[in-house]
Amino acid sequence: MVVVMKKNATDEEVARVLSKIETLGLNAHLSRGKIRTIVGVVGDNSGIEPSVFESLQGVERVVPLLGPFKLASRDFKSEDTVFPIDGRQIGGKTIIVMAGPCAVESKEQIIQTALAVKKAGATVLRGGAFKPRTSPYSFQGLGEEGLKLLALARDVAGLAVVTEVMTPELVPLVAQYADILQVGARNMQNFALLHAVGESHKPVLLKRGLMSTIAEFLNAAEYILSHNNPRVILCERGIRTFETYTRNTLDITAIPVIKSLSHLPIIVDPSHATGRREFVCAVSRAAIAAGADGLIVEVHPDPENALSDGAQSLRPPEFEAFMEDLKKVAHAMGREI
Ligand code: PEP
Ligand code: MN
């Protein structure tokens with residue numbers, strides 16, 4: 001981290017910062033500019049809160065240089081993390097597409113969707129059995145019945161399954177049926193849940209919180225990695241901004257930023273990012289062009305009557321066209337779908 005002194009900071013105030021750094025067992029790197037003085041804190045300062053310095057007289061602000069995440073960082077592991085999902089590698093040359101309804105609603109709905117997305121080239125079937133809904137009166141998912149239907153659809157269509165787990169207690173149950181455990185945006189900082197999925201030994205799809213910074217996102221991944229689960233897939237799904245035309249604002253920059261900071265694969269959810277099916281294809285093209293390793297897309301055979309997120313769900317023929325479109329971008333980027 002770097003301690004930026006106020007313009008009028010005195011020599012005595014700078015000296016106090018230097019001695020604080022020394023008492024913490026770290027080294028200081030002093031840089032006296034024409035306008036202000038900056039003190040670099042050198043050494044392992046991952047356990048040190050910026051407030052240790054922020055509270056000192058003459059300090060303007062503290063800028064963390066490296067996030068406190070270690071296992072998730074490129075400093076720790078420089079090569080990309082690549083692991084198999086249903087016979088295909090995520091994080092490598094292949095773009096992995098996960099597709100399916102927001103929620104599992106019935107046997108017919110999930111099987112019809114699974115067959116359609118498989119035919120169009122998806123690798124993973126998505127579908128919520130436990131749904132984190134904004135309103136307690138909205139459809140909450142079919143629970144274990146939904147998990148059973150997902151497992152059935154997986155066998156019928158030949159796909160892997162990703163589904164959300166909302167509480168630590170439910171991890172063993174969901175892990176019985178799912179190939180990938182999804183931690184939803186609203187639970188990104190549910191540390192007990194991160195701990196539990198870390199111990200599950202199933203790949204984890206970790207979605208970025210609605211109001212989370214990239215550093216918080218990578219720290220959440222760090223929790224999973226630090227509980228000995230190296231198979232984490234990050235998912236940028238849009239964040240809250242002042243813009244209300246779309247459901248969220250896709251932070252496309254997060255893709256190259258995360259690629260530079262971390263070795264973990266990152267995919268994009270254009271459905272929750274936009275909230276509108278007419279924009280899903282355009283932002284997916286952008287995501288692949290920006291270096292994303294995959295996409296998770298909502299597809300529903302009858303969006304008008306969907307129990308959740310119909311407006312952002314593609315119909316099967318639209319999904320087929322979407323896949324054809326994305327192949328061109330993937331090829332242009334030297335990748336495959
Ligand atoms: C979902 O993918 O079903 C979902 C609820 O998304 P998010 O957690 O990103 O809102
Ligand atoms: Mn949804």
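**Exercise 1. Contacts of ligand 1**

Task: In this predicted model, which backbone and side-chain atoms lie 2.8 Å from an oxygen atom of ligand 1?

Solution: 
- Step 1. Start with the backbone. A backbone N or O atom of A185 lies 2.8 Å from a ligand 1 oxygen.
- Step 2. Turn to the side chains. R126 places a polar side-chain atom 2.8 Å from an oxygen atom of ligand 1. For R186, a polar side-chain atom is also found 2.8 Å from a ligand oxygen.
- Step 3. Check the cover. Ligand 1 taken alone exposes 290 Å², and the protein buries 97% of that.

**Exercise 2. Strand pairing**

Task: Which strands pair with β3, and in what sense?

Solution: 
- Step 1. Take β1, residues 2-5. This strand pairs with β3, residues 37-42, through three bridges in the antiparallel sense. Within this pairing, V2 has G40 as its bridge partner in β3.
- Step 2. Take β2, residues 27-32. Six bridges join β2 to β3, and the two run antiparallel. Here L30 stands opposite V39 of β3.
- Step 3. Four residues lie between β2 and β3, which form a hairpin.
- Step 4. Conclude. β3 pairs antiparallel with β1 and with β2.

Conventions. Residues numbered from 1 in each chain as written. Chains lettered and ligands numbered in written order. Predicted model: local features only at pLDDT ≥ 70, side-chain atom pairs only at ≥ 80, totals over all residues. Heavy atoms only, no water. Pairing = 2+ DSSP bridges. Polar contact = N/O pair within 3.5 Å; in protein donor to acceptor, adjacent residues only side chain to side chain. Areas by Shrake-Rupley, 256 points an atom, 1.4 Å probe, with all protein chains shown as cover.
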